[in-house]
Every structure is written in structure tokens, then in C-alpha cells.
Amino acid sequence: AECVSGCVCPQGLFDDGRGGCVQQKDCPCVHNKQWYSHGDEITVDCKTCTCQSGSWSCTKAGVCFGTCTIYGSGHYITFDGKFYDFDGSCEYVATQDFCGDKNSSSSFSVITENVPCGTTGVTCSKAIKMFLGNTELKLENKDYKEIQRDVGNEVQYRKRTVGLYLVIEASNGVMLIWDKKTTIFIKLTADYRGKVCGLCGNFDGKSNNDFTTRSGLQETSTLEFGNSWKQSYTCPDVTEEILPCSVKPHRKSWAEKECYLIRSPVFEICHSKVDPTPFYEACVHDACSCDSGGDCECFCSAVAAYAQECIKAKACVFWRTPDICRELTFKSN
């Protein structure tokens, strides 16, 4: 056979993927295009995986929370990771565990009230209603109020403050984290997999069926899906997507310059784990739309949303400085 030029490792050694040769016991592992050395640990789907001689050895899954994120001017990340935008001015079901099944009973629901947050027509979450059995919790204007109802069973919960965030943790496996502004994280235990519905999707591990309407139909249209989950039929349907940078073109260059932080080397460690593109586009969208004051607040919330996804992917980024959104971020397991 003809000779082919190239480099090979000496007999008994193996290519480590980085231009070197190692013994088999020291072979690295790859996850999300990132190399890990022998003995390194990562967390994937609530399992702890250890790199051992070039292969991942994983433990059984522990208690795993699914997370739905709602932030800024109508940005949603479902429990199954679907990212979409929906700008509606009404009250909407974010998530609930009663989804039309005759055998299911309602133990919780989370309702968000969306109102215009600029002159371009985009909306932000103004208030949150959380129903836990016979208790209604209303979060609005940085405040918290409890209302007792005549229906439902008692569900225990505790309230605490962690940094900038108000955290409500219920005994039925539901957790809500609120930044007292326009960002909400809803966390559910694995017991709710495939048993919830609303704007946060069905939490069944598949993002392609998250656009399931209140009537149980699967939609491809974001608008049809979002409109189906409004609480009051007197609210008008959303009929078109709002593009604030087109409405306010003079703000676009400033927005792109500020939001470049998400694509910059500051977040480089996260780029291979969490695609920055939708978060950058959402940031520009919000920076263009916040034209009634609060420009920096909208920008900071948008960047913080990406930072939070990076934390979930085990890529911690220290991006805040005395000049950029100086408050501390909230880190959760």
C-alpha cells in the first residue's frame, strides 16, 4: 500500500484529541464539543457522570427539577427547552396540572398577567397568581399577598428571599422564583412529567409538542397556541408578531452594541453548551422595546436569563461589573 503522511501515536498510546498521546486510562471524554480529562465530573439530566478512560460512567438520576423561564417582554423557555416569544396583553396560564384528563385533579396553577411595557406594543409580566390547593398567592409590585379560598385542599409552602429573588417552595413539588420585576422561574419535580399544560409546555421531555393548546390540539403557530391559554375571552387575540426594532429603528444600533455581551468572550465558556443566538436576539428585542424608562433593567434581565441557562449547564460566568448590572445573580441547583 502507498505510504500516507500523518502522525500516529506510538504503540500502546492513544490520541487524546488535543494533539497528544496518552495511555488508555488517561483518555479524555467529550460532551457538547468540550473535552474533559479523566476523573472530571459533569451533571447531565440530574445524573452525575465521571470521565473514566475515555467513557462516561453515570449514576442513577436523582431528584430532577424541570424549569420554565418567563422573562422580559414575552420570552418563554418551556420545561422541555423550547424558546419562543409571545406578546399578549391579558392573564395567561403559565402552567397547571389539570389538563382535561378526567382522572387528574388540580393541585396548582400559575397565572401571569401581561401588560404593555413600552410604546412599541410589547408586553411584560406585571403580576403572578400562584394557586396552591385552597391558597392563592399574588405577587405584584415587589410585594406578596396570601388569599384563602373555599375550594381545594391545603398545600404547605414556605417563602424565603434569596438575594434579589423571592422563592416560594411548596410541599407538592412546585417552586416559583421571582425577581420582583419581569422574570419568573417555575420549577417542577419529575413527578409532573407529562402531566402539566400551559405556556410552559407539557414537560414530557420532547419540545416538538410543547405548543399544545387548551383544547389539546398541537399547533405550529405561536400566536394560536398563546391565545388559547388566555384566562379571559374578553381579551383580544394577538394577531401579529411585534418587532420593536422596526418600530424604533433609532434604538437598534445601541441595543445590538449592548447585547453583544452575550456573544462576547465573556460568555465563551457557555457558548458550546447553550446557544447564545436566541438570547442575543431576545436581548436586542427588549432593549429596543424598553423606551419608557428602564432601558438598563431590560438589558440586565435579558443577559441574566442567558447567564441562568449557563449556570444550569454548569458554565458559571461572572459577567456583572460595577459598570454592568452590578447586582448579584441568583444561583440554583
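This is a predicted model: local features need pLDDT of at least 70, side-chain atom pairs count only at pLDDT 80 or more; totals for chains, interfaces and linings use all residues.

Biologist: Which residue is the bridge partner of Ile-42 in S6?

Modeller: Ile-42 has Cys-49 of S6 as its bridge partner.

Biologist: How many bridges join S6 to S7, and in which sense do they run?

Modeller: S6 and S7 are joined by four bridges and run antiparallel. Within that pairing, Trp-56 of S7 stands opposite Cys-51.

Biologist: What is the strand order of the sheet that these strands form?

Modeller: The order is S5-S6-S7, an open sheet of three strands with antiparallel pairing. Strand S5 (41–44) and S7 each have a single partner strand, so one side of each is left without a neighbour in the sheet. From one strand to the next, the twist averages 35 degrees.

Biologist: Which residue in the hairpin of S6 and S7 takes a positive phi?

Modeller: That residue is Ser-53, with a phi near 55 degrees, in a hairpin that has two residues between the strands. Ser-53 is not a glycine, and its place is the loop between strand S6 (47–52) and strand S7 (55–58).

Biologist: Is Ser-53 buried, partly exposed or exposed?

Modeller: Ser-53 has a relative accessibility of 34%, so it counts as partly exposed.

Biologist: And where else is there a positive phi in a residue other than glycine?

Modeller: Lys-180 also has one, with phi near 70 degrees. Lys-180 sits in the loop between strand S18 (174–178) and strand S19 (184–189). Its relative accessible area is 27%, and therefore Lys-180 is partly exposed.

Biologist: Let us turn to Cys-27. Where is it found?

Modeller: Cys-27 belongs to the loop between strand S2 (21–22) and strand S3 (29–31).

Biologist: Which residues is Cys-27 in contact with, leaving aside its neighbours within four places in sequence?

Modeller: With those neighbours left aside, Cys-27 is in contact with Phe-14, Val-22, His-38, Cys-51, Ser-53 and Gly-54. Two of these names have come up already: Cys-51 stands opposite Trp-56, and Ser-53 takes the positive phi in the hairpin of S6 and S7.

Biologist: How far apart are Cys-27 and Gly-226 in space?

Modeller: They are 48 Å apart, C-alpha to C-alpha, and 199 residues apart in sequence.

Biologist: Changing topic: what is the order of the sheet with seven strands?

Modeller: That open sheet runs S10-S9-S8-S19-S18-S17-S16, with antiparallel pairing. Its edge strands are strand S10 (83–85) and strand S16 (157–162), each of which pairs on one side only. On average, neighbouring strands of this sheet are turned by 15 degrees against each other, direction ignored.

Biologist: How many bridges are there between S8 and S9?

Modeller: There are three, and S8 pairs with strand S9 (residues 75–77) in the antiparallel sense. In that pairing, Tyr-71 has His-75 of S9 as its bridge partner.

Biologist: Which helix lies across S8, S9 and S10?

Modeller: Helix H5 (residues 277–289) does, and it runs at about 160 degrees to S9.

Biologist: What is the lining of the largest cavity like by class?

Modeller: There are four nonpolar and six polar residues in the lining, and no charged residues.

Biologist: Finally, how many helices and strands are there in the chain?

Modeller: The chain has six helices and 19 strands. Of its 333 residues, 45% are buried. The C-alpha atoms fill a box of roughly 80 × 55 × 40 Å, taken along the principal axes. Among contacts between residues at least 6 apart in sequence, 47% join residues at least 24 apart.

How values were computed: Residues are numbered from 1 along each chain as its sequence is written. Side-chain values use heavy atoms; hydrogens and water are left out. Ala, Val, Leu, Ile, Met, Phe, Trp, Tyr, Cys and Pro count as nonpolar, Asp, Glu, Lys and Arg as charged, and the others, Gly among them, as polar. Buried means under 20% relative accessible area, exposed over 50%, partly exposed in between (1.4 Å probe, protein chains only). Two strands pair if DSSP finds at least two bridges between them. Axes are lines fitted to C-alpha atoms, for helices over the stretch in contact, and angles run from 0 to 180 degrees between N-to-C directions. Contact means heavy atoms within 4.5 Å.
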